[in-house]
Amino acid sequence: MVPAPAPTILPMTSPDTVVVSGTGRASAAPDSLVLDLQLEGHGSTVSEALAALTMASRACVEALPGHAVRTHGLGVHPRHDHQGQQVGHTAYQQVQVRTADPAGAGDLIQRLSDAVGNGLGVNGLRPEVADTAELSRQARDRAFTDARGRAEQYAALAGRALGGVLQVREGGVDGAPRPYGREDARMAMASGPVVDAADHEVVATVEVTWSLA
C-alpha cells in the first residue's frame, strides 16, 4: 500500500497592520532646587588654605539653617599669579544644597554670598520634581492616546476599520530637567534675582501595531 503524501503546509498570511508612533508630554512646576556650589580658601601655605576653607564651610552651614548641606571633592592645589609664579595655595570643596523653595533660590544665593564672600562659587542650579512617577504615567497615557488617534486616521484613509492591538513598544521616557548653566548662576550671584524655574517636563514615546479589520 502506497502511503499517502504528507499534506502541504502553506505559510499563514500576515494580517494587515498599521504601525504608528505616539508622543505624550506631562509637566509640573519644580518642587525643589539643587544648588551645586564650590567653596574656596586661599593661603600662603596648605595649612592656611585649609583653615580658610574651614571658615568658609562653617559660614555656609550657619547661613543655611534647616537646609541639608552635603560636601564632597575636597582638594588643594598651588595658586599662581599672571606670570606663572606660585603665590600660595587654594583649598576647595564641592557643596550641594537642596531647597524646597525654588522661587527663593536667588535670596538663598545672596545670603550665602554675604556670609562666605569671594570664597563662594556657584556651578549650576538644577530644578527638580521629587516624584516623577505620576508625570511618567500621564505622559505614557497621552502617548498611547496620540498613537491611537493616528492609527484611526490612517485606517479611515485606507477605508478600513482599526482592529486590536498586536504589539506595543515603548520608545522611552525622558524626564531629565534642564539645568541652569554657570551664566545663570553668575547672574544669580550678581543681583540676587528671582529664580523662575521652568516646568519639569516628562516626554514619553510609544510605537503601537494595530491590525486592520
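**Entry 1: the model.** I am working from a predicted model.

**Entry 2: the nonpolar patch.** I looked for nonpolar side chains grouped on the surface. Val46, Leu50, Leu74 and Val76 form such a patch. Together they have about 300 Å² of accessible area. I then checked which elements supply them. Helix H1 (46–62) and strand E3 (69–80) each give at least two residues to the patch. I picked out Leu74, which lies in strand E3. Is Leu74 buried or exposed? Its relative accessibility is 56%, so Leu74 counts as exposed, the cut-off being over 50%.

**Entry 3: helix H2.** I went to residues 105–116 next, the 12 residues of H2. From first C-alpha to last, H2 reaches 16 Å. That is close to the 16 Å expected at 1.5 Å a residue. I listed the buried residues of H2: Ala105, Gly106, Leu108, Ile109, Leu112, Ser113 and Val116. They lie on the same side of H2, because they cover an arc of only 160° around the axis. Asp107 and Asp114 are exposed on the other side of H2. Just past the helix, I noted a positive phi of about 80° at Gly117.

**Entry 4: helix H3.** I checked the span of H3, residues 133–157. Its 25 residues should span 36 Å at 1.5 Å a residue. The end C-alpha atoms are 37 Å apart, which agrees. Buried residues in H3 are Leu135, Ser136, Ala139, Ala143, Ala147, Ala151 and Ala155. What do the buried residues of H3 pack against? I found strand E1 (17–28), strand E6 (162–174) and strand E7 (200–212). Just after H3, Gly159 has a positive phi of about 70°.

Key. Residues numbered from 1 in each chain as written. Heavy atoms only, no water. Patch = residues over 30% accessible without salt bridge, like charges linked within 9 Å, V, L, I, M, F, W, Y side chains within 5 Å. Areas by Shrake-Rupley, 256 points an atom, 1.4 Å probe, with all protein chains shown as cover. Salt bridge = Lys/Arg side-chain N within 4 Å of Asp/Glu carboxyl O. Helix = DSSP H or I, 4+ residues; strand = E, 2+ residues; numbered from the N terminus. Buried < 20%, exposed > 50% of the residue type's maximum accessible area, 1.4 Å probe, protein only. Expected span 1.5 Å × (residues − 1). Arc of directions from axis to C-beta. Contact = heavy atoms within 4.5 Å.
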